[in-house]
Amino acid sequence: MQHEKVIIIGSGPAGLTAALYAARANLSPLVIAGDQIGGQVAITSEVENYPGFPDGITGPELVEKFREQAERFGARIEYDIVVEVDFTKGRPFYVKTYGNEYEADAVIVTAGATPRKLNVPGERECTGRGVSYCGTCDGFFFRGKDIVVVGGGDSALEEADFLTRYANSVNIVHRRDELRASYPLQQRALNNPKISFTWDTVVEEILQNEGGMVSGVRLRNVKTDEVYEKPTDGVFIFIGHDPNNTLFEGQLEMGNHGYVIVNQHMMTSVEGVFAAGEIMDPMWRQVATSVGQGCAAAMACERWMAAQGDVAEPTGAGVRTA
Ligand code: NAP
């Protein structure tokens, strides 16, 4: 069993920032990156609202910078997936990956969130065959095509705008007649001649052609109950996210919709296990907020480990306890 001072589960903005701060605190953290370093931001086309990049930066480029900076101070990154944890017996905490078994003095959970599914007939069968949850990954395949985007939040509008680089037309299907997205994104979408809207409407089924590819959607107007079919080449679904909490069920206290609960020191219901980023944040979900939470979790972790006698007193800015 490999012993570690601090294990960070997840490698999105929260995890890589926690790694940077923990590394600078000489905790030599081990990041278990999951199947894709960077989490959701790694598949985000353009990040325009992360301070310090006035002209925007692509998601993969930003992740690369986060990684470089964390590694420069001694963070180690393992490209592996956590399959089991045991926090129930206290320290050391048990963490098992496909490739290894670890015990850690402290754990920072930054496992993020996953795009929500519509759960309608045809969705699962057509995933990768015209159904997608990632414009950056799959937009290229829809050059000159007509596509449907489902959702009315920031993600749906931002991705719809991005997809017009490739698609001939993008029709946004939203279940209400009012968008949830922020004003600038609304304006951009409303002014984009390639984008149109279908209001008060839900997707009831994703239709396939004989080759198993998306050929259309069956829609229902929720006000009139009219049901009709609309031909389309692709369906991009952006209807929110669910926290990646399965590993922690029964071990960490969770609130509404399964988000891990932390106290003001970013500590979960288990002493010595901290959490940051979208696994604990149903509210803000920005790169900037995840970075801040990751920073706070690592500083709180350092402070807590010092109190346990694991490490020397922190030298950086401390965490107020009063
Ligand atoms: P979101 O804000 O939760 O919006 C989800 C959208 O999907 C809503 O319009 C919702 O409709 C709709 N929806 C949910 N379940 C549905 C279902 N089963 N069928 C049909 N429609 C459904 O999620 P998000 O857009 O992914 O954004 C998540 C967070 O990330 C937000 O805090 C957002 O501000 C942030 N974000 C920010 C940026 C940016 O600043 N550039 C970019 C992307 C995301 P209702 O409106 O009727 O609930």
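At what angle do helix α5 and helix α6 pack? Before I answer, a word on the model: it's predicted, so local features need pLDDT of at least 70 and side-chain atom pairs count only at pLDDT 80 or more, while totals for chains, interfaces and linings use all residues. Residues are numbered from 1 along each chain as its sequence is written, and side-chain values use heavy atoms, with hydrogens and water left out.

Okay, the answer: α5 (residues 154-163) and α6 (residues 183-190) pack at about 40°, and their axes are 9 Å apart. Axes here are lines fitted to C-alpha atoms, for helices over the stretch in contact, and angles run from 0 to 180 degrees between N-to-C directions. Helices are DSSP runs of H or I, at least four residues, and strands are runs of E, at least two, numbered from the N terminus.

Who touches whom? On the α5 side we have Asp154, Leu157, Glu158 and Asp161, and they meet Leu185, Gln186, Arg188 and Ala189 in α6; contact means heavy atoms within 4.5 Å.

Now look at α5 itself. Of its 10 residues, 7 are buried, meaning under 20% relative accessible area with a 1.4 Å probe, protein chains only. Those are Ala156, Leu157, Glu159, Ala160, Asp161, Phe162 and Leu163. Their cover includes α4 (135-138), β11 (146-150), β12 (169-173), α6, β13 and β17 (234-237).

Last stop, Asp200, in the loop between β13 (195-198) and β14 (201-208). Asp200 is buried too, with a relative accessible area of 12%. Setting aside neighbours within four places in sequence, Asp200 has contacts including His174, Arg175, Arg176 and Lys223.

Note on methods:
Buried means under 20% relative accessible area, exposed over 50%, partly exposed in between (1.4 Å probe, protein chains only).
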